[in-house]
Amino acid sequence: MKVPVIMLGSVPELHGHIDKSQLTEDLGGTLDYCHTRWLCHRTAIESFALMVKQTAQMLQAFGTELAETELPNDVPSTSSVLCAHTEKKDKAKEDMRLALEEGRSVLESISAPLAQGPEHGVNQDQLDNQTTVQRLLAQLSETEAAFDEFWAKHQQKLEQCLQLRHFEQGFREVKATLDVASQKIATFTDLGNSLAHVQHLLRDLAGFEEKSGVAVDRAQTLCLDGERLIEDQHYAVDSIHPKCEELRHLCDTFAAEVGRRRGLLGKSLELHGLLETSMRWCDEGIYLLASQPVDKCQSQDGAEAALQEIEKFLETGAENKIQELPQIYKDYESILNQDLREHVQKVFQKQASMEEMFRRRQASLKKLAAKQTRPVQPVAPRPEALAKSPCPSPGIRRGSENSSSEGSALRRGPYRRAKSEMSGRQGRSGSAGDEEESLAVLRRHVMNELLDTERAYVEELLCVLEGYAAEMDNPLMTHLISTDLHSKKDVLFGNMEEIYHFHNRIFLRELEAYADCPELVGRCFLERREDFQIYEKYCQNKPRSESLWRQCSDCPFFQECQRKLDHKLSLDSYLLKPVQRITKYQLLLKEMLKYSRSCEGAEGLREALSSILGILKAVNDSMHLIAITGYDGNLGDLGRLLMQGSFSVWTDHKRGHTKVKELARFKPMQRHLFLHEKAVLFCKRREESGEGYEKAPSYSYKQSLNMTAVGITENVKGDAKKFEIWYNAREEVYIVQAPTPEIKAAWVGEIRKVLTSQLQACREASQHRALEQSQSLPLPAAPSSSPSRGTARNVKKLEERKTDPLSLEGYVSAAPLPKPPEKGRGWSKTSHSPEGPGDDADWSSAEEPVNSSDAEEDGGAPPKKLVPGRRTVVVGPVEGGPGALAVRSGDVVELVREGHEGLWFVRDPGTGKEGWVPASSLSPHLGKSGSAQRLSSSESSPGSAVLSHSSSCSESGQASFADLQG
């Protein structure tokens, strides 16, 4: 096919062949068409169409994923799925928003010519493009609407699933809490053994109900939430409804059980109230009988007044006593166990016994009131008639017996008056029983006070531990605790928890076991005397606790805890409770002992009182002991602390500057002495600056003396409050002045006990060594020639010292001497000297070195023979055997004759008994002197005129001494 081709050279030539209406403007025509614009619109439409297609595919895939997702079974997983799907939904919605904006932008660019004016026409291509974009936009809007509807349903399902999981989790937690509460309420089986105990149990039940009320309230709230879910047409109605029913059943069951327990305790409270009212009425009746003066009842008017008083009191029995025992059993059958039934029977028997006493008293008073007074004849009876009368008339006897007690009975109160009148009515029948009944009532009052205060004490400790100590570990309260309190709970509360567990689990229960026999309660204290040592640890920590409290008392934590507990007093008042309680026991024991003098448990009460006082002393001493500073060693190595106190001390040493000695003689030092079993410590008391507890003293250590080298002089001339403590044979002498003579006597006695015990220990060790040597070594040969007179006397003195119970010389060292001593040594009687502290001669140590050996050990002198008729002291316990005389350490016996195998036949001067005693258990008897006594075994200085009685352990060698002045 041939097509003609016309070559044109200009636009006018083109117009000659083609009409202008068919040509575009760039060719000089009138056709509204721009190819560049057409290409731009077409590209935008194609891009928008692709975006719409991709968005639809994305939404289709996302919808499939949502539809196939399984609902989780727990709250965290459900929350995680809901969050993930919401994020994906938000991303899809953002993509659709961008696609819609893109479509609207393309449509605006296509419709731009029409917006310029009606004169601009639109060609067919533009109309087609506009239609295409509008169709795509409508399709995208429909897809978005369908997705929104699907997402709303899916979101609702996920949210309902999350609500269901929250409901199920809360159900499990509340059910577990209610199960625990139900199990615990089932353990509340105790009905109480007294009115105070039942009141305590009711308070415990109320506190438990209050704590459990949180779980009950939460269960009820959960039931309301479940009902709301059912009303909102939740998809899991079949699962929610049964759980709501189960929660209601648990709450109702728990409330019913608490109500039942409260009803039983209310019944028990009512019964114990009746019993205690009856017992109180019986006690008042006994007081009434005991307080009626017998001498006034002898007259007709007095008998009638007493009778009216009794009848008036019996009228009050209608509202105070138990009327019918079977009716009590019937009314309180639900709570009557074996113990409570026996208690009711005892009270009823006591009530019956008291009423019988009243009936007997009424009968006696009615006889006295109806008795006609005989006229008094003014004729004195003949003396011989009185002498022949075998016994006085009852009225005369009663009057004479009561005349002595009338004055005191009128002056004293009802308790003492009852006791004095009862002692004056020994001739009346039943008076002894009345007195014992009155004392029993007083003992019961003391026992009730002990039990009530013990229960209150245990409750206060628990309140502090739960309301303060436990809250320090509560994460919700951490922000209120200051930095100074972190990790300081043990410092603030000490071992209070240990004290609480001891009293709550052990001591209170044991006290309650003695409620019916108060006079035997001392056994409880004696059995637990070791457990009370826990108070020593608490009191030792008390200064640290008080210091920490002073630093942190303004902490918001304590204020918040005090507000929750509704306490009027702050924590420091409750931290003082253990200290107050341990001091309260001795007061209660004294009261109990006062009313139990003739009872079976009186001795146990005395021992218990002594034990508690010893514990208080140990606690007090330990508080002083921990305040000692500057001591390098371990105070525990010094043995038990026996005594401590403040004294004025003068020093007088052989070695030292003369001026210092003269100054020390006139200027005393204030020292606090601590007497241990092995040493005595000299400390200087220092008062700390501050106020209140900050003024607690401390003690600066200055010097210590080993008790094995200490001696004492009991009396110092010119002052009854002074005594001497000297060291190393008076190289160092300390004149100690006590505040009172009684304190001095106590210290001297305690030091004497320590020295005597050391002496006994050394003597037993020496005897043991001597026995071993006698079994292993041959006897020494007798000396070939007689010793000189002086040597014999010295050997005799040495042997006397060997057997003297008040000396340790001869038992300190076992090394043999090379030769017998040349000078007179050992125990000797010194001459009277006006310079000595005593006025009479007494036993003292001469110049014998402390570490000298026994003459027997090197064969220097034979053992000393005992002489018949000489009185000796037994220094060791001797067990009784066939023909033996049972004696103890310290007994004085009289020698009769010597037997075989080292036995002596002796007589006890006090009892007159006779028997055999080993010679090794006997030593010379030293009589007591009226002069000042000194206990020592150290050597005295030559020419010393000190008259003393030496009886102490000593050591050889020199000891360094530092000045005591601080």
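Is S487 buried or exposed? With a relative accessible area of 80%, S487 is exposed (exposed means over 50% relative accessible area, buried under 20%, and partly exposed in between, with a 1.4 Å probe and protein chains only). The model is predicted, so to read it well, note that local features need pLDDT of at least 70, side-chain atom pairs count only at pLDDT 80 or more, and totals for chains, interfaces and linings use all residues. Residues are numbered from 1 along each chain as its sequence is written, and side-chain values use heavy atoms, with hydrogens and water left out.

**The protein as a whole**

- The protein has 27 helices and 16 strands; these are DSSP runs numbered from the N terminus, with helices being H or I of at least four residues and strands E of at least two.
- Of its 966 residues, 40% count as buried.
- The accessible surface comes to about 53,600 Å², and carbon and sulfur atoms hold 52% of that surface (Shrake-Rupley method with a 1.4 Å probe; for residues, only the protein chains shown count as cover).
- Among contacts with a separation of 6 or more, 71% are between residues 24 or more positions apart (contact means heavy atoms within 4.5 Å).

**Salt bridges**

- The count comes to 41 salt bridges, each being a side-chain nitrogen of Lys or Arg within 4 Å of a carboxyl oxygen of Asp or Glu.
- As background, side chains of opposite charge can pair when their charged atoms come close.
- E466 and K211 form one of these salt bridges, at 3.7 Å from N to O. The pair links distant parts of the chain, with E466 in helix α16 and K211 in helix α6 (residues 195-231), 255 residues apart. E466 is partly exposed at 41% relative accessibility, while K211 is exposed at 58%.
- R260 and E257 also meet in a salt bridge, at 2.9 Å from N to O. Both residues lie in helix α7 (residues 237-291), three residues apart, which is about one turn of the helix. R260 is partly exposed at 44% relative accessibility, and E257 is partly exposed at 23%.
- The side chains of R581 and E454 meet at 2.8 Å, N to O, in another salt bridge. R581 sits in helix α23 (residues 577-594) and E454 in helix α16, so this pair ties together parts that are 127 residues apart in sequence. R581 is buried, with a relative accessible area of 6%, and E454 is buried too, at 0%.
- K93, E144 and D148 are joined in a network of salt bridges.

**Packing of α20 and α23**

- Helix α20 (residues 534-552) packs with α23 at an angle of about 135°, their axes 10 Å apart. Axes here are lines fitted to C-alpha atoms, for helices over the stretch in contact, and angles run from 0 to 180 degrees between N-to-C directions.
- That angle makes α20 oblique to α23 (under 35 degrees counts as roughly parallel, over 145 as roughly antiparallel, 65 to 115 as roughly perpendicular, and the rest as oblique).
- The crossing of these two helices, α20 and α23, is left-handed, a term for a near helix turned anticlockwise from the far one by less than a right angle.
- On the α20 side, Y535, Y538, C539 and K542 meet P578, V579, R581 and I582 of α23. R581 is also the partner of E454 in a salt bridge.

**Two histidines**

- H272 is found in helix α7 and counts as buried, at 1% relative accessibility.
- Leaving aside neighbours within four places in sequence, H272 is in contact with L191, G192, N193, S194, L195, V198, L340 and H343.
- H445 lies in helix α16 (residues 431-469) and is partly exposed, with a relative accessible area of 41%.
- With neighbours within four places again left aside, H445 is in contact with D283 and Y287.
- H445 and M592 are 147 residues apart in sequence, yet 9.3 Å apart in space from C-alpha to C-alpha.

**Positive phi in loops**

- S487 has phi near 60°, a positive value in a residue other than glycine. Its place is the loop between α16 and α17 (489-493).
- D566 likewise has a positive phi near 60° and is a residue other than glycine. D566 lies in the loop between α21 (556-565) and α22 (571-575), and counts as exposed at 66% relative accessibility.
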